[in-house]
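This report describes selected structural features of a protein model.

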Amino acid sequence: MKITVAGIGYVGLANAILLAQHNDVTILDLLQERVDTVNSGRSPFMDNEIEEYLADKKLNLTAEVSESDAYRDADYVLVATPTDYDPDKNYFDTHCVEEVIQRVTEVNPNAVIVIKSTVPVGYTASVRERLGNNNILFSPEFLREGSALYDILYPSRIIMGVPLNDRQLADAAQRFVFLLKQGALKEDIPVLLTALDEAEAVKLFSNTYLALRVAFFNELDTYAEIRGMDTKQIIEGICCDPRIGDYYNNPSFGYGGYCLPKDTKQLLANYRNVPNNIIKAIVEANSTRKDFITQRILEKAGYGSESRECPCVIGVYRLTMKKNSDNFRQSSMLGVLKRLTDKGAEVVIYEPNFPEESYMGNKVLSDWETFKSMSSVIIANRYSPELEPVMDKVYTRDIYFRD
Ligand SMILES: NC(=O)c1ccc[n+]([C@@H]2O[C@H](COP(=O)([O-])OP(=O)(O)OC[C@H]3O[C@@H](n4cnc5c(N)ncnc54)[C@H](O)[C@@H]3O)[C@@H](O)[C@H]2O)c1
């Protein structure tokens, strides 16, 4: 099969590698740098498994800039372009997805388009009608950024959204599911063929459930901290119940990363005119948590106290969400940093890979020794052994030293 993938991101590249083991795959991006990196056998982002596959495996994979002709003779086109949340419209910005669909519709209307980007509920049905292309499927992606290729090779499930009553497209969907299974290493992958809106809803409800769980343990931690109680003892007691489970229960400054904040907001937008309490509360809980964390940091740093020795510098240890993360898209630390900056706190940031000297008006340091000596209080969303010598001035809610 000839497959073209739009977008050299986590989703596009991991899927392209999976499919390029048995198919002829071209991956496109607007960024020349990402194209060159893939063609030289390297990953544009940190992922050991992707590096290994690009370097060692026999893949039939070429990267090109997106104006290329690669859509023209493709059997399938996968769309893996960004869908950022637009705060003005209170909805996903889907223009990058639409640009690809428009182009494919112009040059190769027979290609089957599989949207992998996360989209609002109802989007695929509406774009099929608006752009006059009936060959469009939606298949949500569940990979995590820290283990993108692993999650594609061992998927929890494959969900394929297919329009009702279109036998031909349902067959094309089944063939595509076969291609995904053919490239995967996991046996017995659960496969669900659903209607289009339902497949879109599966993705948004899955991420909103994950955000709910993070928000729940964070709110438990807020309670324990205010009441002077031991969060760990409470969580351990709760999580012995197998219905709750001892995983995904580590408090943090808030849920973050590219997907959970935007997907919860999009689901809430889809709830317009539908009664709800929980979905709204999940979105609001994250903001409340970051307000609380900010207030605790300011107290710890002596702001508002008469006896404070000035200046009390707050050191931000990493802007990234997790230990192994290579970007800080929507990390909860950014929300806390913004609040601290708005309150006029004096902040320095330790982020060794950051290209600029300042961020949000705060100094960025790449030298660990300078950062340590400048900071009176160090805040860390996640623990790192590097922090061990300065733990007496560290404020973190990372209880288990894991994600
Ligand atoms: N990152 C994740 O963990 C994850 C997991 C599941 C689903 N998703 C969803 O998948 C989608 C992509 O996410 P990502 O993290 O892989 O994105 P990303 O930002 O890492 O990469 C997207 C790439 O698409 C490129 N692009 C934009 N417009 C293009 C066009 N017209 N033609 C070709 N390339 C174009 C960008 O330059 C960028 O390199 C989003 O909708 C996201 O919500 C992401």
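## Salt bridges

The whole structure contains 21 salt bridges, each a side-chain nitrogen of Lys or Arg within 4 Å of a carboxyl oxygen of Asp or Glu. The model is predicted, so local features need pLDDT of at least 70 and side-chain atom pairs pLDDT 80 or more, while totals for chains, interfaces and linings use all residues. Residues are numbered from 1 along each chain as its sequence is written, and side-chain values use heavy atoms, without hydrogens and water.

Glu 141 is in the loop between strand 8 (136-138) and helix 6 (148-153), and Lys 116 in the loop between strand 7 (112-115) and helix 5, so the pair ties together parts 25 residues apart in sequence. Helices (H or I, at least four residues) and strands (E, at least two) are DSSP runs, numbered from the N terminus.

## Contact of helices 5 and 8

The axes of helix 5 (residues 123-130) and helix 8 (residues 196-227) come within 7 Å and cross at roughly 135 degrees. The two helices are therefore oblique to each other. Tyr 123, Thr 124, Ala 125 and Arg 128 of helix 5 make the contact with Leu 196, Asp 197 and Glu 200 of helix 8 (heavy atoms within 4.5 Å).

Note on methods:
Axes are lines fitted to C-alpha atoms, for helices over the stretch in contact, and angles run from 0 to 180 degrees between N-to-C directions. Angles under 35 degrees count as roughly parallel, over 145 as roughly antiparallel, 65 to 115 as roughly perpendicular and the rest as oblique.
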